[in-house]
Number of protein chains: 2
Amino acid sequence: MKVFIASIGMSKVGDLWDKSLVELALDAGFKALNKFNLKPDSLVIGNMFSGYACNQEHLGALIADSLGLTGISAYKVEAACSSGAAALASAYSRVKSGDSDVCLVIGVEKMRDMSSKKASNALAMAESAEFTQFFGANFISLNAMLTRYYMNELKVSREELAYFPLLAHKNAKNAEHAQFRREISLEDIKKAPIIADPLGLLECSPIGDGAASVLLVSERKAKEIGEDNLVEIIASSIATNRFSFYERNDMLRFEATERATNQALEQAKIKLDDIDFVEVHDAFPVVTALSLEAMGFVKKGEAPKLANQGFFDLKGELPICTFGGLKARGHPAGATGIYQACEAYLQLTYQAKSNQVEKAGIGMIHNVGGIDTTAIVHILKRNRA
Amino acid sequence: MKVFIASIGMSKVGDLWDKSLVELALDAGFKALNKFNLKPDSLVIGNMFSGYACNQEHLGALIADSLGLTGISAYKVEAACSSGAAALASAYSRVKSGDSDVCLVIGVEKMRDMSSKKASNALAMAESAEFTQFFGANFISLNAMLTRYYMNELKVSREELAYFPLLAHKNAKNAEHAQFRREISLEDIKKAPIIADPLGLLECSPIGDGAASVLLVSERKAKEIGEDNLVEIIASSIATNRFSFYERNDMLRFEATERATNQALEQAKIKLDDIDFVEVHDAFPVVTALSLEAMGFVKKGEAPKLANQGFFDLKGELPICTFGGLKARGHPAGATGIYQACEAYLQLTYQAKSNQVEKAGIGMIHNVGGIDTTAIVHILKRNRA
């Protein structure tokens with residue numbers, strides 16, 4: 001059974017002090033529900049740490065009831081920062097199996113009601129409590145070590161890597177839902193305070209509140225509402241790697257991303273060349289580079305150089321992070337994977353306005369938990385009669 | 001595509017100070033994996049609050065890697081105390097849709113490394129942080145209010161309700177994996193300290209550590225390993241209710257359980273009469289009674305009386321909680337739903353020893369999050385050539 005995205009909804013990412021976790025989810029959820037007069041029979045929530053941050057679990061039933069959908073099936077899915085995509089993958093299977101006809105998926109995260117220290121601890125729960133957190137390493141310091149290793153091994157400079165945040169901010173400029181809508185310069189990046197050497201403030205994806213949603217429908221429902229406005233999910237693949245990157249034989253090989261990409265291409269029966277743009281999980285520049293290299297779009301160590309030549313720009317060979325990615329659209333952990341799906345939907349239905357990728361027919365979205373620990377790839381296709 | 005349980009694994013429930021969250025999951029996981037030489041292609045974890053209790057999220061990839069299954073698909077599912085059954089339902093859809101051929105499901109919860117107060121707060125996350133936790137109500141005090149209301153409205157005495165914990169302890173006596181393997185008397189129940197009037201210590205399901213697992217296989221895999229030893233999942237249904245019981249029109253109507261049961265019977269194409277035993281979510285006696293009444297097995301207000309007549313005993317009309325249920329086998333929140341599936345598997349494959357239900361052909365399992373807020377019903381069937 002084919003599975004389609006019928007509609008989407010996004011809240012603006014940011015410091016949303018005036019909105020609770022549930023209010024955020026409702027904002028995004030109602031936007032997706034308002035397009036068609038379809039009552040979902042199920043809800044899947046993507047969220048990483050509402051228990052830790054908001055003393056609230058059981059988001060499935062809570063949000064279903066708050067949306068006025070009391071009675072329907074509901075649960076939450078978690079896979080660290082890939083919780084959004086994991087929820088999407090779980091919902092995809094529910095619809096594909098026939099267990100659901102209309103399934104609402106909402107990714108939501110409330111991060112700004114915590115202190116920065118607590119938010120940092122929350123994100124560190126993506127890493128092992130017993131072996132990594134225990135020794136004081138946090139998620140940024142681990143990525144800093146990987147960045148240094150990548151730079152040394154592959155002879156890449158910090159300035160070259162810095163193109164990724166520059167591009168992200170450029171793409172976010174016209175994205176209404178983005179957290180940071182201003183361009184930055186290489187000078188800004190270099191002047192920013194160092195968070196964990198060599199990563200400065202503007203080289204790290206930010207902390208923010210946000211929620212995004214997609215409404216999935218079965219082939220049968222899609223026919224009812226008119227299939228040619230919809231986006232088809234032609235592949236959904238989850239893969240994992242050794243849990244911590246320091247346990248891996250080759251720390252510069254993102255095997256989970258490699259595996260998820262290859263499995264997804266096989267499912268979709270397409271080649272890498274058929275992909276028109278990628279929403280890549282650009283949590284840190286080194287993650288963007290290693291991911292694009294693992295997917296096979298570019299050779300190992302070449303992503304930063306090609307980036308500086310405009311390869312990944314909106315008008316380049318392979319546009320990435322078309323609305324600013326994690327870095328500039330923002331990264332409300334468990335919501336990010338759904339923001340990516342929404343953005344791909346906008347591209348594939350030609351509603352991306354000044355951010356529109358030309359000839360967008362097939363898009364790939366890539367959401368990661370930990371440092372390539374869980375990698376989830378979906379391939380979406382424009383569906384036109 | 002049909003979905004089967006090929007094998008199971010359970011750790012003993014209890015105060016497992018010497019085992020970490022991951023070690024518990026491995027214990028249960030390896031037991032299920034050891035029966036057949038099958039490598040799972042996916043893992044689904046059921047867990048309610050590992051972030052809050054153990055500073056650890058991302059259990060999917062962490063446990064996959066720890067099991068030596070690095071690379072496979074993995075994520076966690078949460079729906080409060082029905083997290084185990086929600087994980088099972090999600091895994092069921094993965095297999096049914098063809099997205100997975102062999103899927104390991106592990107329910108795991110580590111509750112005893114916390115103070116009692118913190119454990120109580122953890123469980124209260126099943127209720128609304130903004131409207132219920134905020135006013136100081138915890139999960140037991142809410143159930144106490146419901147118990148009092150049930151007793152008053154339906155003219156049921158505390159002594160009548162007490163039969164449920166008595167029966168649970170009786171059934172757990174010979175259950176190797178149970179937390180409390182001793183019989184208790186009505187006298188014991190009345191002498192026990194009051195936790196929240198009218199609920200005493202022996203009328204509340206306990207806090208414990210535990211993990212349980214089931215290995216799901218597709219029809220195709222089932223044929224490879226010999227279908228006639230397996231248990232088929234013939235229905236999987238999730239339903240929700242108004243989030244908090246005080247918001248409901250009729251607080252004594254467990255609509256989520258009613259809905260999930262009816263949907264499951266429809267899916268399985270069977271009648272209530274065809275069910276030979278029920279693993280019911282007996283968190284508190286009132287929950288057991290209202291659930292059995294909502295399922296339709298007995299009339300409103302009659303469950304306690306019938307219980308006292310032996311209706312729900314192992315040799316009664318409709319055996320329930322055949323290995324002691326939440327009350328005596330124990331209730332490691334996110335693991336409970338998987339323990340129930342394991343117990344039903346033992347019954348349906350005639351491995352329940354002195355706890356064996358006669359002529360066990362079809363069993364139902366019922367796992368709940370909150371107070372009938374999320375109700376999940378699976379129907380399992382013995383598969384014999």
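Q: Where does A:Pro198 lie in this predicted model?
A: A:Pro198 sits in the loop of chain A between strand 5 (194-196) and strand 6 (199-200). A cis peptide bond joins this proline to A:Asp197.

Q: What is omega for the cis peptide bond that joins A:Asp197 and A:Pro198?
A: Omega is about 5° there.

Q: Which residues does a cis peptide bond join in chain B, and where is the proline?
A: B:Asp197 and B:Pro198 are joined by a cis peptide bond, with omega about 10°. B:Pro198 is placed in the loop between strand 5 (194-196) and strand 6 (199-200) of chain B.

Q: What is phi of A:His58?
A: Phi of A:His58 is near 65°, a positive value in a residue other than glycine.

Q: What makes B:Lys269 exposed?
A: Here the count is 9 other C-beta atoms within 10 Å of B:Lys269. The cut-off for exposed is 12 or fewer, so B:Lys269 is exposed.

Q: Where does B:Lys269 lie, and what is its phi?
A: B:Lys269 belongs to the loop between helix 11 (255-268) and strand 9 (277-279) of chain B. Phi of B:Lys269 is near 55°, again positive in a residue other than glycine.

Terms used
Residues are numbered from 1 along each chain as its sequence is written. Chains are lettered from A and ligands numbered from 1 in the order in which they are written. This is a predicted model: local features need pLDDT of at least 70, side-chain atom pairs count only at pLDDT 80 or more; totals for chains, interfaces and linings use all residues. Helices (H or I, at least four residues) and strands (E, at least two) are DSSP runs, numbered from the N terminus. A residue is buried if 20 or more other C-beta atoms lie within 10 Å of its own, exposed if 12 or fewer, and partly exposed in between; C-beta atoms are placed from the backbone.
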